[in-house]
Amino acid sequence: MTSSDSQTPFYITTAISYPNGVPHIGHAYEAIATDAMARFKRLDGYDVFFMTGTDEHGLKMQQSADKEGVTAKELADRNSAAFAQMGRDLDISYDRFIRTTDADHYAAAQAIWKRMEENGDIYLSKYSGWYSVRDEAYYTEDETEVREDGVRYSKETDTEVTWTEEESYFFRLSAYQDRLLALYESQPDFAAPRSRFNEVISFVKGGLEDLSISRTTFDWGVPVPGNPDHVMYVWVDALTNYLTGVGFPDTESEAFKKYWPADVHVIGKDISRFHAIFWPAFLMSAKLELPKRIMIHGFLHNKGVKMSKSLGNVVAPKAWAEQYGLDSVRFFLLREVPFGADGSYNHDAVVGRMNSDLANNLGNLAQRSLSMVAKNCGAAVPQPGAFTPEDSALLEAAGNLLQVSREAYDVQDFHGALEATWKVLGDTNAYFADQAPWVLRKTDVERMNTVLYVTLEVLRIVAILIQPVMPPSAGKLLTVLGQPDGDARLFSAIGTPLVPGTELPAPAPIFPKYEEPAE
Ligand code: ME8
């Protein structure tokens, strides 16, 4: 492995979740996708810093705590622990789990505030408007409507709004419209996918109003520097977590110099405006560099229906992983839904992917080829003869998967990377059936050895490349292919083919078929 000094840094984050409840599959989806991206870059030789965590301030947290009769901090402690536990349950390889109640985060949030103030972008005034506690956001009159139940809602998010008036500090967001549009123009990949980025751009083109960035009606937040009657609007504090994690306000710290600006913030579609409009404006005002990319994923729905507590269809990530196996769930989420689009999960779809893609196309191919090698080749990688055009084409296609996967992961197209990988596996299954090494065993042993060698070599490359998605299962496959932990499993090893004669352990099935539990 190269030393960390010579590795290119890569800083990736998830959104930080509100711990007013426990995590659900939507949170798990974001964590798993971001984890796959982080693992991919680590295996590709980058010095990765991956951060996730919880967003603990704001009125919503305070109100949830009031309902339960606990303090906001008690509620945050309990549920933040549940989010951290979800990370462990799902094999999420984060480097820091940040909490916005961490002491270093208060310092960072106050520091960015002061920088924005020094730049002349913060002023004190009065605010009145329709406030949604659920969204922690104000809406204009025409962004809301009164529905049949007599209650006023945000049209976009269907959450209840109430008329709120308070003294408030404002951020001069209106002054950033042109600079934001220039940013979007010069960096067409600043946010993705394009369709969601376009929504952001048209919103900004429609004109930006100054943003109310402090609250006086409750005190669960970061105090405004110099005016403790105010706490910061939770989104100012929350977005700043991305800076806290890498040492801000110490812009001379090693972590900050190495990892800022972030390479990717992975977030859901409901918070694209906060990340693609407010966040770059705050950073411009604070004279800090902007993140390179905002990757906006879609929402995951249960059988196509929005998850909600009242419908009782919220799935706990841990129970889901226990039912199908964690790696199957991780694979399903990244293979099934193009990242960026909305997706749906249901039992049959998960079982379908498990049984066809994993158990059949991958597991069965590995099991059949490796058992033949165990029986007929002295339990060692066979010595191939000369390669036929079919052999070479397959080996070349497998070798190309590294570049194909890199290009796909660079735009968080996990689905595309896996699709290309399974295309090669499909071709290898067809090749295996066509070459029929079990027949060659009696007619042409050298050719049998070559076919088995080519098959194992494809499996080795595939196993290395799917480690980010299914770390333990891919690891087990590499073990039965005689590839020890460490350098042999890095992407840099892809170009070094299997060495004939390498001893192989007894093959073990890795991707079992899903069996419906007995009634
Ligand atoms: O928005 N499918 O927190 P959060 C997919 N604290 N993703 C989903 C989802 C679903 N059904 N439901 C939620 C917040 N998410 C803020 C973020 S960042 C500085 C502050 C995603 O707990 C959602 O889009 O409501 C967001 O990216 C993340 O889960 C946390 O959502």
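Strand 14 (264–268) and strand 15 (residues 294–297) pair in the parallel sense over 4 bridges. Strands here are DSSP runs of E with at least two residues, helices are runs of H or I with at least four, and both are numbered from the N terminus. Two strands count as paired if DSSP finds at least two bridges between them. Across this pairing, H265 sits opposite I294 in strand 15. Strand 14 also runs parallel to strand 1, joined to it by 3 bridges, and there T14 faces V266. Strand 14 is mostly covered, with 4 of its 5 residues buried. Buried means that 20 or more other C-beta atoms lie within 10 Å of a residue's own; exposed means 12 or fewer, partly exposed is in between, and the C-beta atoms are placed from the backbone.

A word on what you're looking at: this is a predicted model, in which local features need pLDDT of at least 70, side-chain atom pairs count only at pLDDT 80 or more, and totals for chains, interfaces and linings use all residues. Residues are numbered from 1 along each chain as its sequence is written.

Now for the ligand. Helix 1 gives the most, with 4 residues. Of the 19 residues around the ligand, A15, S17, G26, D55 and G268 come nearest; a residue is near if its C-beta atom, placed from the backbone, lies within 6 Å. The shell splits into 11 nonpolar, 5 polar and 3 charged residues. In that count Ala, Val, Leu, Ile, Met, Phe, Trp, Tyr, Cys and Pro are nonpolar, Asp, Glu, Lys and Arg are charged, and the others, Gly among them, are polar.

Next, look at helix 3 (residues 72–89). At 1.5 Å a residue, its 18 residues should span 26 Å, and its end C-alpha atoms are 25 Å apart, which agrees. That expected span is 1.5 Å times one less than the number of residues. The buried residues of helix 3 are A72, L75, A76, N79, S80, F83, M86 and G87. Seen down the helix axis, they fall within an arc of 115°, so they line one face of helix 3; the arc is that of the directions from the axis to the C-beta atoms. On the other side, E74 and R88 are exposed. Among the elements covering the buried residues of helix 3 are strand 1, helix 1 and helix 11 (317–324). After helix 3 comes D91, with a positive phi near 65°.

Strands 4 and 5 form a hairpin with 4 residues between them, where E136 in the turn has a positive phi of about 50°.

Finally, find R353 in helix 13 (residues 347–376). R353 is buried, with 20 other C-beta atoms within 10 Å. Leaving aside neighbours within four places in sequence, R353 is in contact with F331, F332, R335, E336 and L358; contact means C-beta atoms, placed from the backbone, within 7 Å.

Technical notes: Contact = placed C-beta atoms within 7 Å.
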